Every structure is written in C-alpha cells, then in structure tokens.
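Let's take a walk through this model together, one piece at a time. Keep the viewer open and follow along.

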2 protein chains.
Amino acid sequence: MAEKITSLQNPRVKQLVRLRERRERDESGLFLVEGYREVRRALEKKVALQDLYFCAEWFLGENEPALLEQAAAAGAQLTELSKEAFAKVSYRDRPDGLLAVAPQWKRTLAELSLGTQPLLLVVESIEKPGNLGTILRSADAAGVGAVIVCDAVTDVFNPNVVRSSTGVLFSVPVVIADSATVHAWLIERGIGIVATTPDTKLLYTQADLRGPLAIVMGSEQYGLSDFWLKNSSSLVRIPMVGQADSLNVAMATIITLFEAVRQRTA
Amino acid sequence: MAEKITSLQNPRVKQLVRLRERRERDESGLFLVEGYREVRRALEKKVALQDLYFCAEWFLGENEPALLEQAAAAGAQLTELSKEAFAKVSYRDRPDGLLAVAPQWKRTLAELSLGTQPLLLVVESIEKPGNLGTILRSADAAGVGAVIVCDAVTDVFNPNVVRSSTGVLFSVPVVIADSATVHAWLIERGIGIVATTPDTKLLYTQADLRGPLAIVMGSEQYGLSDFWLKNSSSLVRIPMVGQADSLNVAMATIITLFEAVRQRTA
C-alpha cells in the first residue's frame, strides 16, 4: 500500500509546490512531470521517476492504475495524496491526478552522437517556457539531432516547458552551453551555421540547408545577438507578407526546420 | 470625465464577466478585446469599439492615456473601473488595465474579394481557441486571402482566440460556413482543394500548391472529416520523423502554408 498524505502542511507537499520555482529545481536537481500523458512518455523514454504522487479522485480515465504499476516497477515510489493536497501541488487548471518528480539530467556537446550530416537547432536566450516547449516539439518533428540552448534564460526543466513540449523534452537531446563554446564546437566539426533575422535579404528558401547544419534562432524580444549575427555562415529571413510581428520565434523555427527537411529529402 | 464603477455587483461589470461565455456573446453580438496591444490593433484596424474600460492602477506603461484618447475619438465610451472591479472583469493572469467591448461582425463567402490566384485556408471544427488564434496568425503571416472556418466548434470571438491571434482576428477575413457550402463555392470558382491527412502517400512538398488554392486542415482530435477526405483535389501529408503526434494542427498549418508561399514565389 502506498503512503497517503492528507496534510497541506506536509513537507513533501510543500517541496512539490516549491519545485515550480527555478531555485528549488536548481538546488535539488529535481523537476516535475505532471499529467497522464507526460508521465507515460517519461516512462517510455526511461526517465527514472523518483516519486509518483497520485489521487484517484482526479483521474480522468481508466488507465491510471496500470500506469502506477508500471512506474512502481520502474522504481518510482508511489504516494497517494488527498484531493485537496493534490489540488495544492498541481500546477494545471485541471489536475488529472498524476504528478511525478524526476532527477534532471545534463548533456554536454561532447556527448552528442551525430551522424555525418547532422541537422542541429541552436536557440538563443528563449524567454517563454511555452515557446521553448513548442520549439522542442518542432525539433523532434523535424528529426533534429540536438537542440542547443545558448545562454539559457528559461530553465528547460520548467514545468511549462515539460508540458508544452508534450514530453519531447524526454527524448530530444538538449544541451545547454554558452554561445562562444557552441560556435567553436560547430566550427571545429565543420557544421555550417545559418542564422535567421529579419534584417537580411536572403530568403530562408534560397539558402542551402543541406549538409551538416546548425540553424540559429534568436530570442523573442531581442532577436539574434551580435555574436551570432557576426559569426554565422549565412543570415536568412522569412518573408513577411502579413502584419510585421505575426510570426513568433516558435513559428519561425518550425518554418525554417521544415524547409531544411524539404531540401534534405528532395 | 469618464464614469467610474467601483461595485463588483454593477450590471456592466457582470456583463463583462458573462461575455467570456459563448452564450452571452451569441445573444449580445458583442465580444471582449483585452490588453493594450489588442486594443491598439483593434483601433488600427478600425474595429468600432463600443466601450473601453480602464484602470490606471493596472497600467504597465505610459502610453495608455493616449490610447484612451484615441479610442474616445473613434467613438468608444470610456469607463473607469476600480482596481478590484478591473481584476474581476479581466480574464488575464496579469491585467494591464484595458478591456474593450466591440460588436462582432460576420463575413460571407460572397463578400470575399479574391485575386485571380487566391490562397485560402479552410479549417474544420478546430476545438482549442489557442490553436485557432495561432492559425489566424499563421494565415496572416503567409498572406492568406481568407480563413474559412467550417462547422465551427470554437467561437472565433472567444477571448482566447482574440488573444492568441494577437489581433490578427481584426485584419484577416474570416468566414464561418458549413463544409458543403464551402466546397460548392470553391468548385464553382475553380479553386483547387488540397487537404492534409497523415493517411496518404503524397508529401505536401510534392503537391502543386500554386494557382487558386484552398488548403484544408482537420480538427485536433478527429483530423479531416470523410467529407473533405472524399471531396478534395488531392490529399497530402507532412513527413513525421519524430514522435507520432509531435505536430499539432497549428504547426501543421504553418508548415503547409509556408510551403505554398515558397512554391508561389519561387
């Protein structure tokens, strides 16, 4: 039988709430995985869930007990929460009764195993977790070899990144590094660098996006930094026929990635 | 001087809250436009704001008074709300002190003025307001002539459509109609119909997306209906190299639209 927590003052309940904050995640090295779909994907991708908190009164379907068994078999400690305690720890509008805690991981550039013609995505200082999560989804859909987050503003283990990535965070290799290190590493490996900016003439469809390639996207508010503007093999833009700012960084990323996929598979 | 409302029980305050619900929007023919950016865009696009509610204690910048003047000059009635009253009527996490009420509009297929080579987007039964808003942004960015919403599930005047469209709702022509009517209208005008589905062989990049064209996207949960599967000129798919469902309908829409733009401008 799993332990049951009913007190809102229980220290573990309080830690679950604190794990929404970056400081607690950084200090503990843990992060939250909330929701049936996300927990299932984490297990599929062999994320070592440390704890799985559940509350049957919030369950939406019939498959939750099987998922609990699967998590326990994989080594997660199961803990039941009262309805009120679960409502307190959930960061969703509509809790579905499942919230896991897992250890964070860190990948380095050296650990990446790339083919001979890698397609990489470099994102600079993305601010909104929702955008970073969507970008991870797009990278996965385009078969990107790794996403390299330069000069990270948003913590990739933010609960809203986990959520908006729909679990892609568990499968796409993500490396966090500073721009200078990433640039030197790309050059050393002969990987071309194409960066997107509105302030250039070349269309993204006119650039050669085949071969070993890193596509670089700037931040929401400031766009590309001078560093990448000066140190990229080429700069490309997406044509804007609508209102000036109708494309956000996540939309620009998916457009550019799928043009690369088109060119590479044509 | 603008009237000031402090009571949370004021009938106008109550109506603002009710306007979040579709029933009230349908009955009144009104909708909400919340936020500085959205109100500014509505004014730019000549949306006839009926009322503009404001609360200086929530203002985030310094340009709000000028926007109030501009709205009043355009015919909006200004009403001040107390901080508490504004918090009650706001549907945002962080109110910025501006909330307008505007009359809805309806466009018909017959009213659309299309060029000789129109690019149209048809979306079927989209369920999530956030997706519909993002789709409107994508359509604007791709220079689509009109977005036709078939068998609408989400009300296009839902506050979250207004918000996630970042005001594009005010500029892109949107028509709501049933699928059979839309299909007959497209055929009559010689507009090709390309529909996207995972269950076909032809890649979206292999189809001819030039000429008069309507791109049809299905709903989040059910995909394309049998009607469009059977009644389209061709069916195309987006290659999926990542996790099976990492692309959502908004992402699939922007990929397909920008491939059409590429082909049409190459």
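**Starting from a helix in chain B**

On α4(B), the face turned away from the buried side carries the exposed residues B:P65, B:A66, B:E69 and B:A73. Helices (H or I, at least four residues) and strands (E, at least two) are DSSP runs, numbered from the N terminus.

Before going further, a word on the source: this is a predicted model, where local features need pLDDT of at least 70 and side-chain atom pairs count only at pLDDT 80 or more, while totals for chains, interfaces and linings use all residues. Residues are numbered from 1 along each chain as its sequence is written, and chains are lettered from A and ligands numbered from 1 in the order in which they are written.

Back to that helix, which spans residues 64–73 of chain B: its buried residues are B:E64, B:L68 and B:A71. Seen down the axis of α4(B), they fall within an arc of 65° (taken from the directions from the helix axis to the C-beta atoms), so they line one face of the helix. The cover over them includes α3 (36–44), β3 (51–54), β4 (77–81) and β5 (98–103) of chain B. After α4(B) comes B:G75, with a positive phi near 110°.

Now hop over to chain A. An automatic or database domain assignment supplies the domain bounds, and chain A is divided into domain 1 (3–103) and domain 2 (109–265). Taken over C-alpha atoms, the centres of these two domains of chain A are separated by 31 Å. Where do they touch? In chain A, 14 residues of domain 1 are in contact with nine residues of domain 2, contact being C-beta atoms, placed from the backbone, that lie within 7 Å. On the domain 1 side, α2 (22–28), β2 (30–34) and α3 (36–44) of chain A are the elements that give two or more residues. That side divides into six nonpolar, no polar and eight charged residues. For this count, Ala, Val, Leu, Ile, Met, Phe, Trp, Tyr, Cys and Pro are nonpolar, Asp, Glu, Lys and Arg are charged, and the others, Gly among them, are polar.

Next, look at strand β6 (residues 119–124) of chain A. Six of its six residues are buried, so β6(A) is largely enclosed by the rest of the structure. A:L119, A:L121 and A:V123 point one way from the strand, and A:L120, A:V122 and A:E124 the other way. What flanks it? β6(A) runs parallel to β10 (residues 213–217) of chain A, joined by five bridges, and pairs in the parallel sense with β7 (residues 146–150) of chain A over five bridges; pairing takes at least two DSSP bridges. A:L119 stands opposite A:L213 in β10(A), while A:E124 has A:C150 in β7(A) as its bridge partner.

Finally, the two chains meet: 23 residues of chain A are in contact with 23 residues of chain B. Chain A's side has α6 (129–141) and α10 (249–265) as the elements giving two or more residues, and α10(A) gives the most, with six. The residues on this side of chain A divide into twelve nonpolar, eight polar and three charged.

Methods:
Buried ≥ 20, exposed ≤ 12 C-beta atoms within 10 Å, placed from the backbone.
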